Amino acid sequence: RDLQLSPPLWLHLLGMGLAVFIRFYRFESLFAWPNLDEGWIGTIALDLSRHWTWKFFYTFGEAPPLTVWCVAAFFKLGFSPAAALWLPPAVCSLLTMVLGYLAANRYFSKSFSLITGGLLAFGYWPLLLGRLCHQGIWLPLWVCLCFYLLGGCLQARDSRGKKNWAMGLGFGLGAGSFIFTPWPVVTAVFWVGLLWNWAIRPGKDRGPFVFCSLAMGLTLVPFTLAAFREGFGTHLLSLSPWGGWFHFSHALSNCLSYFTVFLWGTFDPEPAYTPVLGGFLNPMLGTFF
């Protein structure tokens, strides 16, 4: 039944070609000018391409380095400022589609995985990821990578293969420290789940958990050293309810907006990186959601 529901090869190629086209068409000229975050990313990356340093956190937001390093690398390769700024998001959006399909295929049928890939190819927010040069665009790609590696662990047929996949998962979980500030939440959820299923529950082989934890700890060394050397946490504290920037009532509406933005929008009259009208899901997808 699953094979009968699978579209023909030409339809796969057509969908892939269209997904690539809409991501790279006029990617360097769609916007007239970078927004505030893109402006500081481009400015720092331009300077970094001339005089490279291994600084880990950037600006008052203490942002991890991946986005800045990517843009700086494109500057170094001779790309124009617009292309260097907006080519990494387009590539990130495309990789999110591919890795999202592969991750879904680890757990679900091929037909369901194709639906997932199709939504990631032509959905509003996956396309929006390809037009904004911001640290947050890498989070869906990274989460898909972690689920893909976890699926490899669960499907491994021998102990050695499971340990290898577990080590890869550990490196993947630790790699979130290079991406964006919310990474500890995702990493903690994964790690606690692995701790319960692979270490605490009786009769389980603790080897994969040990390999995963060691690999994750090794990958977190640059973040840890930078936190001691450069300092970290001031920006997070300032954004917290007790940091003085926001009132508790604003924090409550902000938390609710993380849910309402999928369907209706936010409570903030001037939200950042959200649809002007409605939510991230159109009425049909919102109904299914």
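Let's start with Tyr 273, which counts as partly exposed because its relative accessibility is 29%, between the 20% and 50% cut-offs. Keep in mind that this is a predicted model. You'll find Tyr 273 in the loop between helix 14 (248-260) and helix 15 (283-288). Its phi is near 60°, a positive value in a residue that isn't glycine.

## Arg 26, another loop residue

Now hop over to the loop between helix 2 (9-24) and helix 3 (36-50), where Arg 26 sits. Arg 26 has a phi near 55°, which is positive even though the residue is not glycine. Is Arg 26 buried, exposed or partly exposed? Its relative accessibility is 41%, so Arg 26 counts as partly exposed.

## The largest nonpolar core

Time to look inside. In soluble globular proteins, nonpolar side chains tend to be buried together. Here, the largest nonpolar core has 51 residues, and those touching the most other members are Ile 41, Val 68, Val 71, Leu 169, Leu 173, Leu 194 and Trp 198.

Zoom in on Leu 194: leaving out residues up to four places away in sequence, Leu 194 touches Leu 150, Leu 169, Leu 173, Ala 199, Phe 209 and Cys 212.

Conventions. Residues numbered from 1 in each chain as written. Predicted model: local features only at pLDDT ≥ 70, side-chain atom pairs only at ≥ 80, totals over all residues. Heavy atoms only, no water. Helix = DSSP H or I, 4+ residues; strand = E, 2+ residues; numbered from the N terminus. Buried < 20%, exposed > 50% of the residue type's maximum accessible area, 1.4 Å probe, protein only. Core = buried A, V, L, I, M, F, W, Y, C linked by side-chain atoms within 4.5 Å. Contact = heavy atoms within 4.5 Å.
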